[in-house]
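Q: Could you show me how to read sheet order, helix packing and helix faces from a structure?

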Amino acid sequence: MTKVIAVALPKGGVGKTTTAINLAASLAAMDIKTLLIDSDVSNNCATSLGFDPLKLSGGLINLVMGTQTAEEILTKTDLEYLDFIPTNNTTDNEDKIQQIVHNRYRLRDIIRTEFHEYEYVIIDTPPTMDGIINLVLSSIDSVLVPIKTSYYSLIALSRMLNKVEDIKKTTNKHIQIEGIVFTMSEVNTIATRMSEEKVYPLYGKHMFRSSIPKSTILAESTYHGKPVVLLKARSLGAEAYLKLAQELVVRNKICPVKELVKLSGFEKIGTEIPRDYKLYSNTPNPLKSSTIIKFDVPRESAIKINIYNIYMEQVEVLLDKVLEAGEYKIVWQPGQLPNGVYYYKFDAGSIFKMNKMILSR
Ligand code: ATP
Ligand code: MG
């Protein structure tokens with residue numbers, strides 16, 4: 001089965017192209033047959049792989065328009081297991097994109113019929129949220145989101161996740177978040193710590209454990225026209241992308257990305273003002289039915305309810321909202337959450353309460 005992953009974030013310079021190239025090259029270096037597709041008209045993947053974009057004939061847009069075949073545009077690279085499809089190198093790309101974006105499923109059909117022998121297809125995308133990105137998002141299995149440790153990256157992250165939700169409701173109900181990875185990260189800086197503090201509580205389950213450090217060799221590799229694994233395999237940058245590739249493969253083998261928890265409702269169930277914060281206990285085995293968590297809020301407060309595993313790693317965010325005083329309930333189903341012991345934690349800032357639950361099917 002081919003897994004199709006787009007590297008996307010609506011913000012420039014966050015490391016999308018660097019991640020797409022080096023992740024694809026690292027997968028190929030692990031003898032995994034991989035195809036890298038560039039959907040960004042700036043054609044940076046070609047340059048970074050050592051091709052002169054002016055000498056490449058045609059590309060992705062022609063393929064989707066049906067004016068070129070897959071064989072005509074498929075390009076071999078220096079890595080035996082990595083092939084490449086550039087984007088078109090013409091000035092009228094924008095007009096052509098306008099013509100093809102209406103046929104949202106064309107790219108998906110082409111990948112299914114022409115590229116099924118690849119284990120992974122990695123697609124680099126432009127930093128925009130309109131045009132070709134819609135075609136790409138309608139055709140893929142998942143999105144890998146690279147973020148820099150900056151406030152603007154976090155805003156773009158939330159736009160990206162909203163976009164994925166929109167796409168899920170319209171043209172691709174199977175789309176998932178493959179994961180979020182920090183790029184250009186610098187240890188021990190305040191910006192890194194602040195970004196981590198914001199991202200982990202909200203998106204903990206999506207975070208890759210690997211992160212990509214800021215590294216001069218990664219920046220230099222573009223000039224050499226080589227993925228870093230071919231330029232200097234024993235470097236921090238190359239190792240980081242190899243680790244990311246390994247983590248991605250292991251995650252997909254053991255536990256393909258799936259919806260862990262399904263939320264089916266959240267409502268205020270009483271208007272009486274409770275005297276204190278309270279978290280009520282759960283049904284004994286929530287897997288047998290949908291699970292209801294009831295809780296009391298005595299005054300307006302920011303309330304978070306999250307699920308943790310036995311290592312106290314957050315696996316799911318159930319609620320993160322400012323609530324007025326009242327009695328509330330959340331109804332949810334443990335979806336794909338594996339069997340085991342979990343905790344659900346009610347957090348009202350200075351006050352928190354925690355209950356255990358055991359899931360067994
Ligand atoms: P755009 O949206 O404009 O296409 P992008 O998100 O694809 O940008 P890249 O082109 O991958 O971003 O990276 C932007 C710049 O940062 C490039 O010059 C690249 O070489 C450099 N860069 C990327 N990752 C790293 C890193 N980990 N350490 C140092 N420099 C990096
Ligand atoms: Mg780019």
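The dialogue below takes up the sheet, then the helices. The model is a predicted one.

Q: What is the strand order of the open sheet, and which kind of pairing does the sheet have?

A: The seven strands of the open sheet follow the order 3-4-2-5-1-6-7, and the pairing is mixed. Strand 3 and strand 7 (176-182) stand at the edges with a single partner strand each, so one side of each lacks a neighbour in the sheet.

Q: Which strands pair in the parallel sense, and which run antiparallel?

A: Strand 2 (residues 34-38) pairs with strand 4 in the parallel sense over four bridges, and T34 has L82 as its bridge partner in strand 4. By contrast, strand 3 (residues 75-76) and strand 4 run antiparallel, joined by two bridges, with T75 opposite F84. Five residues lie between strand 3 and strand 4 in this hairpin.

Q: Where do the side chains of strand 4 point, and are they buried or exposed?

A: In strand 4 (residues 82-85), L82 and F84 point one way while D83 and I85 point the other way, and all are buried.

Q: Which strands do helix 1 and helix 8 lie across?

A: Helix 1 lies across strand 1 (3-7), strand 2, strand 4, strand 5 (120-124) and strand 6, and runs at about 165° to strand 5. Helix 8 (residues 151-170) lies across strand 6 and strand 7, at about 170° to strand 6.

Q: How do the axes of helix 1 and helix 12 cross?

A: Angles of 65 to 115 degrees count as roughly perpendicular. The axes of helix 1 (residues 16-29) and helix 12 (residues 236-254) come within 8 Å and cross at roughly 70°, and the two helices are therefore roughly perpendicular to each other. Among the residues making the contact are L23 and L27 of helix 1 and L244 and L248 of helix 12. By class, the residues of this contact comprise eight nonpolar, four polar and no charged.

Q: Which residues of helix 10 are buried, and why do they line one face?

A: An α-helix has 3.6 residues a turn, so residues three or four places apart point the same way. In helix 10 (residues 216-224), the buried residues are I217, L218 and S221. Viewed down the helix axis, the buried residues fall within an arc of 100°, so they line one face. Their cover includes helix 1, helix 11 (228-231) and helix 12. The face turned away from the buried side of helix 10 carries the exposed T216 and Y223.

Methods:
Residues numbered from 1 in each chain as written. Chains lettered and ligands numbered in written order. Predicted model: local features only at pLDDT ≥ 70, side-chain atom pairs only at ≥ 80, totals over all residues. Heavy atoms only, no water. Axes fitted to C-alpha atoms, helices over the stretch in contact; angles between N-to-C directions. Parallel < 35°, antiparallel > 145°, perpendicular 65-115°, else oblique. Contact = heavy atoms within 4.5 Å. Nonpolar A, V, L, I, M, F, W, Y, C, P; charged D, E, K, R; others polar. Buried < 20%, exposed > 50% of the residue type's maximum accessible area, 1.4 Å probe, protein only. Arc of directions from axis to C-beta. Pairing = 2+ DSSP bridges.
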